[in-house]
Structure formats: C-alpha cells, structure tokens
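Me: I am new to this structure and would like to learn how to read it. Please take me through it feature by feature.

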Amino acid sequence: MSTKTDKIDALGELSAVKQDEHGVSLWTEAFRRVRRNPSALVGMAILVLFVLVAIIGPLLAPYSPTDTMGIREGVIRPGSIPGPSAEHWLGYDHQGRDQFSRLLVGARQTLLVGIVSTLIGLTVGALIGGVAGAAAGLGGRVGRAVDSVLMRIVDMLLALPSLLLAVSIAALLGASLTTVMIAVGVVSVPVFARLLRGAMVAQSGGDYVLAATSLGVKRSRIALTHILPNSLAPVIVQATLTLATAIIEAAALSFLGLGNPDTSTPEWGLMLADAQPYLDGRPGLAIFPAVGIIITALGFTLLGEALREALDPKLRK
Amino acid sequence: MTETLVEVDDLKVHFPIKRGVFLDRVVGHVKAVDGVDLRINKGETYGLVGESGCGKSTLGRALLQLTPPTGGRVNFDGTELTTLPPKQLRSMRRRMQMIFQDPMSSLDPRQNVESILTEGLQAHGLGGSRAERRKIISKSLDAVGLPQWALSRYPHEFSGGQRQRIGIARAVVLNPDLIVADEPVSALDVSIQAQVINLLEELQEELGLTYLVIAHDLAVVRHISDTVGVMYLGALVEEAPSDDLYRQPLHPYTRALMSAVPVPDPEVEDRRERILLAGDLPSPANPPSGCRFHTRCPWAQPTKCRDERPGLRIIGTGTHKVACHWAEQIESGEIRPHAVKAEVVADGAGAKEAHGALHNAIESPGGPVI
C-alpha cells in the first residue's frame, strides 16, 4: 500500500496544478479568456451602454419622443428642419420631434427586435440542426434519411436571398413588430441549423463518443450530454454575430415599411427610413440612427469574435 | 486449464467506397479486416502487431461491435455478439471495455473526472446511491494511481500519462472481463510508457483481466503479451506464443518486422540481418491476389504465392501458426531471398488506370534489398 501512496504523491508533485485548487471547466476558462481580451471588453462596454439605454432610455430622454413640439412652436417649415442646438442636442426630426429623445427611446425596440429574432432563429435552427446532427451521427440508416430530409428543407430556405425571404414573410403576415421579429428570425434559422448539425456530425466521429458507446451509454444520452455541449461553441458565437445583423435586417424591413405600423414608437430602422427624403438638407437625421445601429452591431461583433477565440479548442494553451 | 473468453471466426469488415453526386454508388470496398480467426484465453494478453493501416484497430473495434462487422462471428464468453439485439449488446458492454490511443480525444473535455468515471456505472444502473458510486470510483482512482483530488478536475488539467490513467480507470471501474487496448501507450512519452504498461499488468493481476493489446511497437507487445498475432493487410499472417515468435519468426513479413528492431549491443547490431521491404503497403481496397504479401516478399515463389491465399497452419509441434506456403523451406534455407521490385500501389477505385503503372514497376534502388 505504501508504494501506491508514494506513487500518488509523486504524481501530485508532477502535476503543475495546486491540490487545493478546484477544477476549472472549459466554460470558466473561456470566460477568463474573454475578460483578458481588450476587444471583448470594448464590445461588452458598448453592449452594456446599449442595454442600459434600452432600459432607462425613456427616463434619460429630455422630451417626449412623440411630442411634435417643433410643429407646435412653428420652427419646422417645409425645407427647413432645425439642426442641433443647446435645447435639442441632435435637432428636430421631420415632424418636429426631439431627435435625441427618439434615439434614446428607440434603443429599446431595436434591442428587443435583435434579441427576440435571434432567439427565434437560434431555437428553431438549433432544434432542426440538433435533431439532424444527432440522427446523422448516431442514427444509422434511418438517421441519415431523417438528416437528409431536414437538411434539404434547410437548403431550400438558405437558397432564398435573406432579405427577400424576410420581405415575403412580412408581406404574408402583415406589417407588425412581431412580423419583423419572426421574419428576421426565420432568415437566420438555416444558418443555425447547418452550423449545429455540422458541429455535431464532426463531434460524433470523436473518440470520446466511441468511448461512451463502449461504456454502454444510450445513444440519446450520448447525443445530449456529449455531442451537443461540445458542439455549442460555434452556435453561441454565431448568435452574437446574428444579433448584429438582425438589428440591421430589422432596420431594413422598417425602412421598407414592413415594420411596426405604429410609427409613433421610435425605432432606429424606422428613423432611418423616415430620414430618407431629407438626406439633402439634413443628413444628420439619417446619420444619428445609422451610427447607433453600426456601433451596436460593432459591439456584438467584437464580443462574438472574442467568444470565438475563447472557445476555440485549437487556441487553448 | 485455459478457458477461451473470446473466439473470433472469419471476421470481416469491409467499408464501401462511394462515388457519385446524386445517388451514391458503391464502386468498391476497403477490406480493412478480411477473414481473421483468433482466440483469446481468459486472463491472458493477446498482442496484435502490424504496420499502420493493416486493420488492427478496426479488428479491435469490430470485436467490440463498435464498428459493425461485415461478416464472421465473435463469440464472447459463450454469447454471440454479432447477432445480439442492441439492448442486450449494450448491457454486455459492461464486460468488455476499451482503452484508446489518444487519451485527450477519448475524454470528453467538458466532463470532470468524477462524471467520466460515473457515466459507465450510471449507464448500467450499478452502484446504487451517489455515495456508493463515489466509493467505487475513488477505489478505481486508487487502482490506477491517481490522487482523489483528481475527481473535480477536467481532462485538460492533466498530463498525457495521467489522462491515460483516467481512461484506464474509466475502463476498469465497470469491472470488465476483457479490455481492448488500442495503442495504449503510443501517444505517451517513453518515460511514461513503462509506467502505464506496468499499471496494465498490475491491474491484470489484481482484477483477472483479459487483454487484447493493439500496438505497432514490437517491444511493448513482446513485454506484455502471452500470445502475439501479426497482421498484414487485414489478415493474420502469424500467431505464436510471444517468446516463440520473437525467437523464431517464420513468416517473411514477421522476419522483416523483427529485423527492423535495433539491438542495444553494437556488435550484435552490426551483424544484424536487416530485411528492407520494397514498396508500400498495397491498398486494402485492391489487395494482391493469392498471398497478400507476395508483392513485397523477398522469398516469393513463382508457384502458389500469386494465386493461392495461404491460411494459418500449425508449424512444428506447438501452437506456432503461420500463413505462408513455404514457411518450412524458408526456415531450412532451401529457398533463398531475392530482390523485389517495388510496385506502385493503386487504390481500389482507380485500379484500372493504375494497371499500366504496375507494368512500369520501379526498380528498387540499391540493388538487392537484403
């Protein structure tokens, strides 16, 4: 017995890690690496600011976003919309509303559209991709057939230009905020489905899956506890990147008049659309919401890229 | 009295080669394992050697039904595995475990050691309560020489040798009868290899395990095995008790393998006869006719070798089996080795195009290959 204890001690010394320290899971490790990445910190700072504005924006806004004070006060005349001033930091919009207040309040709907539509795409896509991936990896002949059918459907979705698809869905369901979220969500379904399926198929060829099979673990359990968690990293990264494009796509739908019909509620995409006729005289009307969209998208993208790096097993140590 | 634990009969694993854009059509088969018979006795170690690509890993996986065999039978302790319904096969898996070559890729990076070791117990409903399971796994952790604090850690926090110990603990925690070890030490440092080999031997003694050890390292196999089988291109060419095989290899391929092992004595090393094989391993999709080895065999004869596939037959009085038509004549020196032209290896699907290349066989450089 003493030789065995010696052996244990020797191994304890050999390993670099301290014995009292608790094990570090891959997720914890990835989180640490994100925190050390400066571009991730910038991305997170942008997003925290954006989310804060989305939550407390209406409290910060100096005026009501729907108050057409410019018309009431008579400062808005055809061909002349006053620009930034001390009272109105970003000037009035074409209906005489305070542009800065609208920008602050509009963040909420923009964020809502981005998150909800990404969640729709992620959920539906992951469901299809997960079933297809598990079936392809472990289901034998029947599984491969299930996988083929699901993937051909996804391919059909993927073959349509995304904006065209979104426009058709929005036209089909009628213009509303929900429609925008569904349309933008559906567009991202095939990306998530393909991504998760591909990752799962790649993982199911791994030795640890074979090891679990040889232990006698059920196939459904292998798919859920081994293959799926190891395939999620690219999907999570894609979700952050999709959030950015979802906001832009939602803006495009609003711009085309397929967004929220209640035009009094400010939304960045809609503000951009409304600014179009005034690009000549007052480009600021378009520039401010556009810059808002770009900075937000940049924040999500920076975080997504940092996550990709942190979760990439090839870069680990 | 030795009892047979595993009996493999004419085992075949053929992988289809598929071509085509819309409809897959099978254009040939890779005959990874093509008719293997072997017996493994209880409590013994069977070593399987052969160069990479000869099908030894596939044989190990097919034996465990991890790769479905195309044909043949595998009898495990009286149960026929190839026809066993999936449910029974799954519960049978408790008794036959596997140790993998790469300990990193065979451990799920997102599972800690406790979860890795508990998984098998859970799958078979063993161990009852959580506390009991913990007791069982900490015992197996002791058995493989890992400290208890390893339980809460993740595979990436260990060294290669320690990871392999985790893999071994995962296999022995189910108290199996048979362990198939596929290249258990080839991914490890030489200094760690000996430790792991010794651990495997200790465990065999303590737990009465039967091993099938797959390796390409002849020294490792010699050290650990009772019986050694030599594989070439999907089939066994020689099988003998370890000492017999290393003292007196009879098959030309085994001779070539053995002659590649350096001897740690400069004088003996200088006198060592080296047999260099010409050419590459032929493609298992398009194996040579007759004796698989005739294309590279320095002793190949114009008769028989090309058109008659030799089976394993007992030579002498013991249990030394060889698949060679001319084993006795080669041993007695009646047949002398000759130079071999290296043939261009063609894959199965492209066999027709490559046929021309065969005729332009390249003269192996350096004259006689002996």
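**Confidence**

Reply: Chain B has a mean pLDDT of 85, with 91% of its residues at 70 or more; pLDDT is the predictor's confidence in each residue, from 0 to 100. This is a predicted model, in which local features need pLDDT of at least 70 and side-chain atom pairs count only at pLDDT 80 or more, while totals for chains, interfaces and linings use all residues. Residues are numbered from 1 along each chain as its sequence is written, and chains are lettered from A and ligands numbered from 1 in the order in which they are written.

Me: Where in chain B is confidence lowest, and where is it highest?

Reply: Helices (H or I, at least four residues) and strands (E, at least two) are DSSP runs, numbered from the N terminus. Confidence in chain B is lowest in helix 12 (residues 351-359), at a mean of 38, and highest in strand 8 (residues 210-214), at 95. Over residues 348-370 of chain B the pLDDT is below 50. For the model, ipTM is 0.82 and pTM is 0.78.

Me: Which way do the residues of strand 9 of chain B point?

Reply: In a regular strand the side chains alternate between the two faces of the sheet. Here B:T227, B:G229 and B:M231 point one way, and B:V228, B:V230 and B:Y232 the other. All are buried, meaning that 20 or more other C-beta atoms lie within 10 Å of the residue's own, with C-beta atoms placed from the backbone.

Me: Which strands pair with strand 9 of chain B?

Reply: Two strands pair if DSSP finds at least two bridges between them. Strand 3 (residues 45-49) of chain B pairs with strand 9 of chain B in the parallel sense over four bridges, and B:L48 stands opposite B:G229. Strand 10 (residues 235-241) of chain B runs antiparallel to strand 9 of chain B, joined by six bridges; there B:E239 is the bridge partner of B:G229. Strands 9 and 10 of chain B form a hairpin with two residues between them, and B:L233 in the turn has a positive phi of about 50 degrees.

Key
Two residues are in contact if their C-beta atoms, placed from the backbone, lie within 7 Å. A residue is buried if 20 or more other C-beta atoms lie within 10 Å of its own, exposed if 12 or fewer, and partly exposed in between; C-beta atoms are placed from the backbone.
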